[in-house]
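My entries follow in the order in which I made them.

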Amino acid sequence: MSDSSAPQWITGLMESLGAPGAGIAIALENLFPPIPSEVILPLAGFTAATGQMNLVAVLVWTTIGSVVGAVALYWVGALLGRDRTVAIAAKIPLLKVADIEKTEAWFNKHGTKAVFFGRMLPIFRSLISVPAGIERMPLPIFLGLTTLGSAIWNTLFVMAGYLLGDNWETVTEYVSVYSKVVLAVAALAVLIFLGVRVFRPGGGQRRG
């Protein structure tokens, strides 16, 4: 692993702790999205292919890590709560309390799908846990959806690294493109929202 382009602390965790080290790295990736899961997971798969870690253990521990990180962010949202969220939103330029209410209504209707599929979107796979906590999605449902979505995402990338062997780093190139597309779409959506809010008549006025 010393020749890989992965950050040294990631390879250090895996070399020192094995599969649990990969799980810890993934838990941290959930809390700090810039940490690249697209590097951690294929590298863990490749390491399993070399016999240094057990493949099943890698899949189990990385999924545990994903769930632990997601639950931590869920409780951040739960502690923040709806009232604090609305109070913060009221202080943000161009954002209205009505926007929070619409988002809340949308999440109450589509939250289960958002949590499940959100686990497969860069950046959002971490952030989706916060509104789930704010809206107090029942914890057993949140855990079930998060575990299933995380297991699918992790298995795809761990197995890619396992099957590609020495070429595991090619996975990161494709995922990097995917991540950029997702972020570009998100940025475009924000720009459209801001444009409508600024240029629509009465768009800059707040409603209580």
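I started with burial: of the 208 residues of the protein chain, 45% count as buried. Buried here means under 20% relative accessible area, exposed means over 50%, and partly exposed lies in between, with a 1.4 Å probe and protein chains only. The model is predicted, so I noted that local features need pLDDT of at least 70 and side-chain atom pairs pLDDT 80 or more, while totals for chains, interfaces and linings use all residues. Residues are numbered from 1 along each chain as its sequence is written, and side-chain values use heavy atoms, without hydrogens and water.

Next, the total surface. The protein chain exposes about 10900 Å², of which carbon and sulfur atoms supply 70%. Accessible areas come from the Shrake-Rupley method with a 1.4 Å probe, and for residues only the protein chains shown count as cover.

I then looked up the secondary structure and found nine helices and zero strands. Helices are DSSP runs of H or I with at least four residues, strands are E runs of at least two, and numbering starts at the N terminus.

I checked the length of H8, residues 139-164. Its 26 residues should span 38 Å at 1.5 Å a residue, and the end C-alpha atoms are 37 Å apart, which agrees. The expected span is 1.5 Å times one less than the number of residues. Among the buried residues of H8 are Phe142, Thr146, Trp153 and Gly161.

Thr146 got its own entry. Thr146 counts as buried because its relative accessible area is 1%. A polar atom of its side chain lies 2.8 Å from the backbone oxygen of Phe142. Beyond its neighbours within four places in sequence, Thr146 is in contact (heavy atoms within 4.5 Å) with Val67, Ala70, Val115 and Arg119.

Val39 has a relative accessible area of 13%, so Val39 is buried.

Last, I looked up the nonpolar surface patch: Trp9, Leu17, Ile24, Leu28, Leu31 and Phe32, with about 510 Å² of accessible area together. H1 (8-17) and H2 (19-31) are the elements that give two or more residues to the patch, and H2 supplies the largest share, three residues. Phe32 lies in the loop between H2 and H3 (37-49). Phe32 counts as partly exposed because its relative accessibility is 48%.

Conventions:
Patch = residues over 30% accessible without salt bridge, like charges linked within 9 Å, V, L, I, M, F, W, Y side chains within 5 Å. Salt bridge = Lys/Arg side-chain N within 4 Å of Asp/Glu carboxyl O. Polar contact = N/O pair within 3.5 Å; in protein donor to acceptor, adjacent residues only side chain to side chain.
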